[in-house]
Amino acid sequence: MTSKKEISVLTFTFKILTICGCWPPNSWTSRYKRIMYDIYTILIVSLINTFTLSQLMDLILSVDNADDFTENFYVTLAMLVSCCKMFSLLRNRTNVAMLINVLMKKPCRPIEHDEIEIRQKFDKFVQSNTLYYATLVELTCAFALVSSIFKDYRKHRLSFRAWLPFNYSSPTLFRIAYAHQSISLTAGSVLQIACDSLICGLLMHICSQLEILECHLKKIVDKPHFLRECIVQHTCIIQFALMVNEKFRFIITVQFLVSMLVVCFNLHQLTQTSVLSAKYIQIVLYMFCMLTQISFYCWYGNEVQLKSRQLVSNVFKMDWFTLDHPMQKTLLIIMTRSMLPIEFTGAYVISMNLASFVSLLKTSYSAYNILQQMR
């Protein structure tokens, strides 16, 4: 269990995690409140999984043409990712607490004023980006639900294709099924925001640690005893990055594959939809969300890679020639290790960088062209 102090990093992200049932509030220490939150978590898991299952069953039992398959498939993929992220967050709850604990303790905890400013700068950057991303996702979700009310609800149709084990022709059952889809979609979108902002936030705090390390290294000319702390901190940063990559590798892999498929099928959907219709705008917004989502992973992963590489040149720019020979050798070891950058990967082969983002777009477009030719 983490204390209130330990989650002062990524505070906004942990509030979103609490909303989607993945992180119990630290103030809820009583057994009764913990049980209530566990029930809430089970409710969220049930909503997301039953909605995803109904879409999968529709694909298996009801879909009989390419257009119906495409209409269902891109939403099903998004909900499958939400299910994967939910289970990953619940399974890694202890690991997330441990990662945050590492950032709040030595050697990663900033002590001096300039180091604290560096952490606050990165934390504010993560919070603002999370807010913009959350606004985009929820606006897309709200547009889909509002347009569905005017288009589908009045015609006694569900917002999304789904197979249900009961006949929802009666008004009461229809309203229950309609509300189930709306609430599940909203919960899934909040869950996506929570997981993405957590992973990207941890990546940015690796960048902040590298910048704090550079700040430390610049002080060793006047304070030689800092060098030992720098070695320990550099080792801790590398181990922290490896742990983040290991714990969230599965999610990164799934996100890459699903993003590629969604972009491909959305392009196909756009060619079959009249321009400026509600459905067309909904698909465009959804694809923009998906591209923003995967670009976050690639951008932050690229930043970590660049920052770890930059450490070599920053060390070389120091007044290292004024240091004694043992200290110069130690700096050389740090530089040698930094020549192998910190790299985040999915499935051990997909690198999280801007080159991978461009490759994903090219692959999606190639798959779309194949679909068009087959059609």
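This note goes through the core, the aromatic pairs and the cysteines of a predicted model.

1. On the nonpolar core. The largest nonpolar core holds 104 residues, and among these Leu202, Ile206, Leu217 and Phe344 touch the most other members. Helix α6, which spans residues 171-218, gives the most to this core, contributing 20 residues.

2. On phenylalanine 344. Setting aside residues up to four places away in sequence, phenylalanine 344 touches Leu203, Ile206, Ala241, Val244, Asn245, Val304, Ile350, Ser351 and Met352.

3. On the aromatic pairs. Across the whole structure a search finds 11 aromatic pairs. One of them joins phenylalanine 296 and tyrosine 300 in an edge-to-face arrangement, with 5.6 Å from centre to centre and 65° between the planes; the pair counts as edge-to-face because the angle is over 60 degrees. Both residues belong to helix α8 (residues 278-316), where they sit 4 residues apart, about one turn of the helix. Phenylalanine 296 is buried, at a relative accessible area of 18%, and tyrosine 300 is buried as well, at 3%. Elsewhere, ring pairs link Tyr153, Tyr168, Phe174 and Tyr178 into a cluster.

4. On the cysteines. A search of the whole structure finds 0 disulfides. Cysteine 141 takes part in no disulfide, and the nearest cysteine sulfur, which belongs to cysteine 289, is 9.4 Å away; a disulfide would need the two sulfur atoms within 2.5 Å. Cysteine 141 counts as buried, with a relative accessibility of 9%. For cysteine 298, the closest cysteine sulfur is that of cysteine 200, and the distance of 9.5 Å is too far for a bond. Cysteine 298 is buried too, its relative accessible area being 0%.

5. On threonine 140. This residue lies in helix α5, which runs over residues 113-151, and threonine 140 counts as buried at 7% relative accessibility. Leaving out neighbours within four places in sequence, threonine 140 is in contact with Leu285, Tyr286 and Cys289. Cysteine 289, one of these contacts of threonine 140, is also the residue whose sulfur is nearest to that of cysteine 141.

Conventions:
Residues numbered from 1 in each chain as written. Predicted model: local features only at pLDDT ≥ 70, side-chain atom pairs only at ≥ 80, totals over all residues. Heavy atoms only, no water. Phe/Tyr/Trp six-rings, centres within 6.5 Å; stacked < 30°, edge-to-face > 60°. Helix = DSSP H or I, 4+ residues; strand = E, 2+ residues; numbered from the N terminus. Buried < 20%, exposed > 50% of the residue type's maximum accessible area, 1.4 Å probe, protein only. Core = buried A, V, L, I, M, F, W, Y, C linked by side-chain atoms within 4.5 Å. Contact = heavy atoms within 4.5 Å.
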